[in-house]
Amino acid sequence: MLGHALPAPSGNDKTSLLLTVDEARFQRSLQALARSARVLAIYERPGKQSLDGHRYVVDVAGHASQPQIVQLLAKHAEFRLLGSYPRRY
C-alpha cells in the first residue's frame, strides 16, 4: 500500500532507497551503504540526466527509523528514502 506515513517497525523490515549517482561516486556510495545496513538487492535503472548517471533501487534489511539508516540518509544526499515495510522473506 502506498502512503506518506511509514508503518511502525515490525522487527523484520525492509527499506527501499533510491541511489542516484554517477559512475565515479558509485563505489563510495556503496561502501557507505554497506557500513550502515545489510544490502538485500540492487536494481539498476538508467539515469535521466546524463549517459554516465545511473539510478539504483536498493533494498536493505531494517526499518528507516533505525539509527544507522537515519545517519546514512543524513550524510549522503545521493540516497532517497522510498519506504519501509515488513519483509515477507
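Which residues make up the largest nonpolar core? The set consists of Leu17, Leu19, Val21, Ala32, Leu33, Ala37, Tyr56, Val58, Val60, Ile69, Leu72 and Phe79, 12 residues in all.

A nonpolar core is a set of buried Ala, Val, Leu, Ile, Met, Phe, Trp, Tyr and Cys residues joined through side-chain atoms within 4.5 Å. The model is predicted: local features need pLDDT of at least 70, side-chain atom pairs count only at pLDDT 80 or more, and totals for chains, interfaces and linings use all residues. Residues are numbered from 1 along each chain as its sequence is written, and side-chain values use heavy atoms, with hydrogens and water left out.

The chain holds 2 helices and 4 strands, in the order β-α-β-β-α-β from the N terminus on. Helices (H or I, at least four residues) and strands (E, at least two) are DSSP runs, numbered from the N terminus. Of the 89 residues, 35% count as buried, that is, under 20% relative accessible area, with exposed over 50% and partly exposed in between (1.4 Å probe, protein chains only).

Ile69 touches Thr15, Ala37, Val60, Ala61, Gly62, His63 and Ala64, leaving aside residues up to four places away in sequence; contact means heavy atoms within 4.5 Å.

Val57 lies in strand S3 and is partly exposed, its relative accessible area being 23%. With the same exclusion of residues up to four places away in sequence, Val57 touches Leu17, Leu18, Ala41, Ile42, Tyr43 and Leu82. The C-alpha atoms of Val57 and Ala41 are separated by 8.1 Å.
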